[in-house]
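This report describes one protein model for a reader who is new to structural analysis. Please view the sequence and the structure together before reading on.

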Amino acid sequence: MSSEILAIKDWRHPFPVEGLSLTRPWYGAWHPWRLSVDQPLIKEVVGDLKGKRVLDVACNDAWYAFRYAQEGADAVGIDGRPEPIERAALIKNHFQLDNLKLLVGDIEDRSVPLGTFDVTLFYGILYHLADPITVLKRLGDITESVISVQTFIHALDPAPELKLIREPVEEEANGLTNLVTVPTQAAVADMLNFAGFDRVYRIMPNDYSLAKKNNSNAAEQWAFFIGIKGQKELKGPGIFEITRNSPPLNHFGPVSQVVARAKRAVKRLLGKF
Ligand SMILES: C[S@@+](CC[C@H](N)C(=O)[O-])C[C@H]1O[C@@H](n2cnc3c(N)ncnc32)[C@H](O)[C@@H]1O
């Protein structure tokens, strides 16, 4: 079985199979870091993961669902493309994880049956959707406790806005439609409230160096959010409760932000958006 896994040369996540080829070597550190930022907070909300129902939306080859399944959760990974789900099925069989379920389905298609969950992971997908409001509303209906959102945001703008972006559907990591939206912090807070999450937190990890090294900048950056049903309060360094009216938090200092604003103004003057 591991020979089939090793024959594939474009794994997007670092599964613990010796000799596995990652599409990009830095994925080996990137994904564990992302897991380390929000999983402790998720556990603070729902407790022990054993038996918890966890949905990994747009899971690609389903590493996050796999990690939750390894901790005893009943994990479901869904992705709109069959190829990554076929890779994930090899991993499921290799590790004999009966508590990991895999589905191919477009999350924008409401007729795809999902079930109900304690925890929903919404990673690397918000900025690849044409209609994130409807998708988050549906996830709010089926998530009983907590949603964790990891997404690129437009980080300079305070207003709740979605910016329209064109991206090619041929790339496996992209959306299924060629027109997608990128939110601001305020838009994420507002959409999560609208979807039924009572409290929304932005997590600003102390060590953000991996995100800076990859492709975050003062104008567009990787951001962590937790939405909670009920009134449980999350407290600690780098944890900020936010609403649509909160000033945007930025991982870069004021000088970088001024430079980013100036670059954006020049681009706009040149008619480039
Ligand atoms: C950037 S990858 C994110 C993978 C993983 N969630 C992570 O954070 O590492 C985006 C994934 O979303 C999937 N995807 C894009 N649009 C989707 C949709 N409408 N429904 C389900 N999956 C979608 C893509 O096939 C791709 O595997």
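## Loops, strands and the ligand shell

Gln 96 is located in the loop that links helix 4 to strand 3. The model is a predicted one. The phi angle of Gln 96 is near 50°, a positive value in a residue that is not glycine. Gln 96 counts as exposed, because 8 other C-beta atoms lie within 10 Å and a residue with 12 or fewer is classed in this way.

A positive phi is also found at Ala 62, where the angle is near 70° and the residue is again not glycine. Ala 62 belongs to the loop between strand 1 (53–57) and helix 3 (63–70). Is Ala 62 buried or exposed? Ala 62 is buried, because it has 31 C-beta neighbours inside 10 Å and the cut-off for burial is 20 or more.

Two further loop residues, Lys 232 and Glu 233, may be considered together. Lys 232 lies in the loop between strand 9 (220–228) and strand 10 (239–241), and Glu 233 is placed in the loop between strand 9 and strand 10 as well. Lys 232 is partly exposed, with 13 other C-beta atoms within 10 Å. Glu 233 is exposed, since 9 other C-beta atoms lie within 10 Å.

| Residue pair | Separation in sequence | C-alpha to C-alpha distance |
|---|---|---|
| Lys 232 and Val 45 | 187 residues | 7.3 Å |
| Glu 233 and Ile 85 | 148 residues | 36 Å |

Why is strand 8 described as largely enclosed by the rest of the structure? The reason is that 4 of its 5 residues are buried.

A parallel pairing occurs elsewhere in the chain. Strand 2 (residues 74–79) and strand 3 (residues 100–104) pair in the parallel sense over 5 bridges. In this pairing, Ala 75 has Leu 100 of strand 3 as its bridge partner. Together with helix 4 (residues 82–94), strand 2 and strand 3 make a right-handed β-α-β unit.

The model also contains a ligand. Which residues come nearest to the ligand? Of the 19 residues around the ligand, the nearest are Ala 58, Asn 60, Gly 80, Tyr 123 and Gly 124. By class, the shell consists of 9 nonpolar, 5 polar and 5 charged residues.

The protein as a whole may now be described. The fold comprises 8 helices and 10 strands. Its C-alpha trace spans about 55 × 40 × 35 Å along the principal axes. The radius of gyration is 18 Å, which agrees with a compact globule, because such a globule of 273 residues would have a value near 19 Å. Of the 273 residues, 38% count as buried. Among contacts between residues at least 6 apart in sequence, 70% join residues at least 24 apart.

Conventions:
Residues numbered from 1 in each chain as written. Predicted model: local features only at pLDDT ≥ 70, side-chain atom pairs only at ≥ 80, totals over all residues. Helix = DSSP H or I, 4+ residues; strand = E, 2+ residues; numbered from the N terminus. Rg over C-alpha atoms; globule rule 2.2 N^0.38 Å. Contact = placed C-beta atoms within 7 Å. Near = placed C-beta within 6 Å. Nonpolar A, V, L, I, M, F, W, Y, C, P; charged D, E, K, R; others polar. Pairing = 2+ DSSP bridges. Right-handed = clockwise from strand over helix to strand, strands pointing away.
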